[in-house]
Amino acid sequence: MSKEILVIDDNPDIRYLICNILKEKNFNIRSAANYDQAVLEINKKIPDLAIIDIKLDKADKDGIDLLKIIMQKKSSVPVIMISGHATVKIALESIRLGAYEFIEKGASFSTDKLLNYVNRALETANLKKEKDLIENKLFHSFDLIGSSPSIIKIKKTIEKLSGTESRVLITGPTGSGKELVARKIHKHSHRRKEAFVVINAAALKENIYEKELFGQEFEDGTISFGVLDRANKGTLLIDEVSEMPMDTQANILRVLIDQKFKRINGKSDVNVNIRIISSTSKNLLEEISTGNFREDLYHRLNVVPIELNHLTARTEDIPELINYFKKKLSEINGVQEIDIDTKNDELYTYNWPGNVRELRNLIERVTILSANESKENINKLINDILINKSNTESNLNIKSSFSSTLKEARKQFEKEYLITQLKKNQGNISKTAEFIGMERSALHRKIKELGIKGIN
């Protein structure tokens, strides 16, 4: 089915030209010659894409006002703003309000450029729709669940941050919920009505960091806006911040100090007002000691630290997480809520390498596969999945140990044995020490020696 595009321009020649270009490419076209007509067309039906001239017939209303109307009705609709008189300031304002792109009329305006922007905007909208569906399952419809001391502390910290602009550094293992915490901080802040933008430093190729962050200006006057432009007045999460190249770290530090930056090939500074939250699964102090991370940037980012524990360090939250996930995931997937035995020993002895995310994925998998099954069969399936995963991991460790020295293999066995015993005792050092026949102080030393983390 062809996409529908609404063209709004009070110049009949420009409006006719744009409509004909798009009709030739088999788009369904509606048009409006003035502000009032445009409002009627928008209220009649939201298009798949809108092209709006900034200067219209009304003295007190313009294309920016129409952009606001569309964003209020459906913020996922891509809008391309056009003008022959607008300044860079107006172009930036339209982008901040949600416009996909800004095109200047005049010598640089061309059919190819217009079609390129239209196709890219529609493709981006489709990708964003798919991404939003995924994020809805991962973040937006989920809450920060748990009553363990560490989770209660994090919830209280988020509340305290609600009235501040402090930078936050979130640390924790993969899958522990770092992005969820960042979104909760944004949602409870004064910036909650502005953009929340995520850049994953680990997913970017080194040669495109600068372009993704700072954007680029071209000789024809067009601008490719980076995440700093798009996050202006809102919140930017730099995920896996330790993966940024050292040069980029220096540039980000400059932005934090000056609240301004230059785009690639840009001639002037761009002022921004952004709250930066960063997250990492690595120990940044270790990264600093090995020369992989700037100490001055670390201190700028680490104003308020939030640490998420491994799921095995807060096993008391597992029943609450399971009950929450099974209800939510049955709603999302449109199936009956399943009955799970939250006292199942396998749930507490499994090492959860993927943390809360892995638990959520397990519940979703079982929810889909075990609709209308008995509680006994559901828990048998859970046990089969977890035991199979544990056996696979153990086999990999055994194979790995054959290529190790006897000393290394013994150390690996000791580490796995202690982790298992600590999990069985929910991280209680005294109970674990008593069970294995070791002095409490000696066990503490052994845990430190073997580098066992995430166990209280």
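This tour moves through a predicted model, one selection at a time.

**Stop 1: the whole chain**

Of its 456 residues, 45% are buried. The chain exposes about 23,900 Å². Carbon and sulfur atoms supply 48% of that area. Now think about contacts between residues at least 6 apart in sequence. Of these, 70% join residues at least 24 apart.

**Stop 2: colour by confidence**

Colour the chain by pLDDT. The mean is 85, and 89% of the residues reach 70 or more. Which element has the lowest mean pLDDT? Select residues 375–402: this is helix 16, with a mean of 70. Then select residues 168–171. This is strand 6, which has the highest mean among the elements, 97. Where pLDDT is low, the predicted coordinates should not be read in detail.

**Stop 3**

Zoom in on strand 1, residues 4–8. Strand 1 pairs with strand 2 in the parallel sense, over 5 bridges. Select Val7 and Ser31. Val7 stands opposite Ser31, which is in strand 2.

**Stop 3: salt bridges**

Show the charged side chains. The whole structure holds 21 salt bridges. Here are some to select.

- Arg314 and Asp317: their closest N and O atoms are 2.8 Å apart. Are these residues buried or exposed? Arg314 and Asp317 are buried.
- Glu331 and Lys327: this salt bridge spans 3.0 Å, N to O. The two residues are 4 apart in helix 13 (residues 318–333), so about one helical turn separates them. Glu331 is partly exposed, at 48% relative accessible area. Lys327 is partly exposed too, at 45%.
- Lys446 and Glu449: here the N to O distance is 3.6 Å. They sit 3 residues apart in helix 19 (residues 440–450), which means about one helical turn lies between them. Lys446 is buried, with a relative accessible area of 18%.

Now select Glu4, Arg30, Glu41, Lys44 and Lys45 together. Salt bridges that share partners join these residues into one network.

**Stop 4: two positive phi angles**

Select Glu240. Its phi is positive, about 50°, although Glu240 is not a glycine. Where is Glu240 found? Look in the loop between strand 10 (235–239) and helix 10 (246–258). Glu240 has a relative accessible area of 13%; the limit for buried is under 20%, so Glu240 counts as buried.

Gln259 is partly exposed, with a relative accessible area of 25%.

Methods. Residues numbered from 1 in each chain as written. Predicted model: local features only at pLDDT ≥ 70, side-chain atom pairs only at ≥ 80, totals over all residues. Heavy atoms only, no water. Pairing = 2+ DSSP bridges. pLDDT = per-residue confidence, 0-100. Salt bridge = Lys/Arg side-chain N within 4 Å of Asp/Glu carboxyl O. Buried < 20%, exposed > 50% of the residue type's maximum accessible area, 1.4 Å probe, protein only. Contact = heavy atoms within 4.5 Å. Areas by Shrake-Rupley, 256 points an atom, 1.4 Å probe, with all protein chains shown as cover.
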